[in-house]
Structure formats: C-alpha cells, structure tokens
Amino acid sequence: MNGSQSLSYLFSESLGKKCVYCLRNNQLCEDQILMRGNALYLCAPRGQMIEGYLVIAPSTCVGCLSHLPGKWLPELTRLKSVVADFYREVYGITQGTFYEQGRAGGGAVRDAVGGFPHHAHLCCLPFSIDLHTLLEGKYDQRNLSGPDELSAVAQNNPYIYVESIHGEGSYKRRLYVAQSEDGRAELERKRLKPIVAAVMGLPERGDWRAYPGDRELGRVIQSFRDFQRRKEAVSWRIT
C-alpha cells in the first residue's frame, strides 16, 4: 500500500468506519478466525447467506486481491484449497463458488455509500451457482488460471473475479472489467452479495444487517473446528 492509500484508510477509520477485515481493529471475534497464515487468514463472517459462507483476507489493509504482494499468493492458494476440501467433506460440494469484488482495483479506497474502507476478501460459498451467466455481456471478460494472474490482467481497473460453474457444468475462472468509464464507476459502486443472495432464492440475506445469520455462523464455526481436528492426524498446515 502506498502512502496516499494508507492516509485514505486512516481517514475512513477516523470517520468511525473501521475496517472489519483488518485484524488490528478487532472487529471479528476470535472464534470467527478459523485459520491464520503469515499474511492471510480464513474467517467465518456474520451475514451468512447460507451456512458455510467463508472469507479469505489479508491481515492488514490491502484494497483488493490484485494488489496483494506476489509472495502472499501461495498462501491464498493453500487457504482456498483448505476451503474446497472443507466444502467437499462437510457439505458434499465439489464445485463451490468463489468471488471477489475488486472495487479498489482502480484506486477507490472506501465504499461510496457506506463509507467503510475497501479490504481485499475472497468470498467462498458451499453452493454451485452460475455467476458467469449473470456477468458476461455486461463486462469484458478474461479467462484466468487463478488469482495469481489478477495483478497482471486487471492492471489498474476495478473488477469482479469469479470461480464458479458456467452453463451446464463447466467450471471457469474469469475476471470481469468495465467496458467504459461509466462502467468503471458502476463497478466501484456495485454490491454483488445482494445479487448472489437473490439468485440463490434468499434475497432477504443479501445484507448482513438484515440477516446476520448468527445461528448459521455458530454451526459453521463448530463444523470447521471438527474438520480441523480430523485433519490434525495428517499434520495438515497452510504454511
């Protein structure tokens, strides 16, 4: 993060909008932090659209995944592999959905409506949902092999990154970027979670304030701890 970005984050927090995912702000309960790496961590946030909604985020403020230092990317891959393994074993989901709104990709540092700082976080769902069909046609698209290509392909643009089923069964990893300046501004404002919740048939769960999902949160934390204990027998680590 450069100096101007740091000042912007501090300015956002001075307005009372503390970043939820920056661990120094202590906005997450310790039980919600499921695994810690050297630079990234895995957590179970409030606002569970369905039980099993997880997030991978850097411990310190970085605006989006395309801004992550390259040396952090192997840790992101390992954490995502843990989540995929958890989804297979606990929920029977072999093709989960992963997405990130890279609203800070073009330099935005906080949400224009809510005022909270942007902080990179990969959203993970134990649910097979075709997000590509929702997005293609509206944005330019690029096929990627994974998040390690985000920096080179997204460059200095806001974006949406998706790993999900597509059509009748294929699984694709794609980056979506705007086709115009108006589109860039729209991507910086866009909130994907309400759209995802609606497609899942759960529109009332698109805002964590309206549906905090604390019952589901308690269950996924317990399920992950049980999963961890089963894996301890094989000395399984993320770093």
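Visitor: Why is K190 called buried?

Guide: In this predicted model, K190 has a relative accessibility of 15%. Buried means under 20%, so K190 counts as buried. K190 is located in the loop between α5 (181-189) and α6 (192-199). Beyond residues up to four places away in sequence, K190 touches Q101, R103, Y139, I160 and I195.

Visitor: Which residues of α6 are buried, and what puts them on the same side of α6?

Guide: The buried residues of α6 are L192, K193, V196 and A197. They cover an arc of only 135° around the axis, and therefore lie on the same side of α6. In general, an α-helix has 3.6 residues a turn, so residues three or four places apart point the same way. The cover over the buried residues of α6 includes β4, β5 and β7 (159-166). After α6 comes G201, with a positive phi near 85°.

Visitor: How do you know that the span of helix α7 agrees with its number of residues?

Guide: Helix α7 (residues 214-231) has 18 residues, which at 1.5 Å a residue should span 26 Å. The expected span is taken as 1.5 Å times one less than the number of residues. The end C-alpha atoms of α7 are 26 Å apart, so the two values agree.

Visitor: Which residues of α7 are buried, and what puts them on the same side of α7?

Guide: They are E216, L217, V220, I221, S223, F224, F227, Q228 and K231. Because they cover an arc of only 170° around the axis, they are on the same side of α7. These buried residues pack against β1 (33-36), β2 (40-43), β3 (54-58) and α2.

Visitor: What makes E216 a buried residue?

Guide: E216 lies in helix α7 and has 5% relative accessibility. The limit for buried is under 20%, so E216 counts as buried. Leaving aside neighbours within four places in sequence, E216 is in contact with Q48, E51, R205 and Y211. E216 and V177 are 39 residues apart along the chain, and their C-alpha atoms are separated by 33 Å.

Visitor: Which members of the largest nonpolar core touch the most other members?

Guide: That core has 38 residues, and L42, L54, I56, L68, V83, Y159 and F224 touch the most other members. Helix α2 (residues 73-91) supplies the largest share of this core, seven residues. A second, separate core of 31 residues includes C19, I50, V55 and L192. As for F224, its contacts, leaving aside neighbours within four places in sequence, are L34, M35, L42, V82 and F86.

Visitor: Are C22 and C43 buried or exposed?

Guide: C22, at 1% relative accessibility, counts as buried. C43 is buried too, because its relative accessible area is 0%.

Visitor: Why is H121 called partly exposed?

Guide: H121 has 24% relative accessibility. H121 is placed in the loop between β4 (97-102) and β5 (122-125). The side chain of H121 reaches the backbone oxygen of H119 at 2.8 Å. Not counting residues up to four places away in sequence, H121 touches Y21, V55, I56, A57, Y99 and E100.

Visitor: Why are N26 and Q155 called exposed?

Guide: Exposed means over 50% relative accessible area. N26 is at 63% and so counts as exposed. Q155, at 52%, therefore counts as exposed as well.

Conventions:
Residues are numbered from 1 along each chain as its sequence is written. This is a predicted model: local features need pLDDT of at least 70, side-chain atom pairs count only at pLDDT 80 or more; totals for chains, interfaces and linings use all residues. Side-chain values use heavy atoms; hydrogens and water are left out. Helices (H or I, at least four residues) and strands (E, at least two) are DSSP runs, numbered from the N terminus. Buried means under 20% relative accessible area, exposed over 50%, partly exposed in between (1.4 Å probe, protein chains only). Contact means heavy atoms within 4.5 Å. A nonpolar core is a set of buried Ala, Val, Leu, Ile, Met, Phe, Trp, Tyr and Cys residues joined through side-chain atoms within 4.5 Å. The arc is that of the directions from the helix axis to the C-beta atoms. A polar contact is a pair of N or O atoms within 3.5 Å; within protein, one must be able to donate a hydrogen and the other to accept it, and residues adjacent in sequence count only if both atoms are side-chain atoms.
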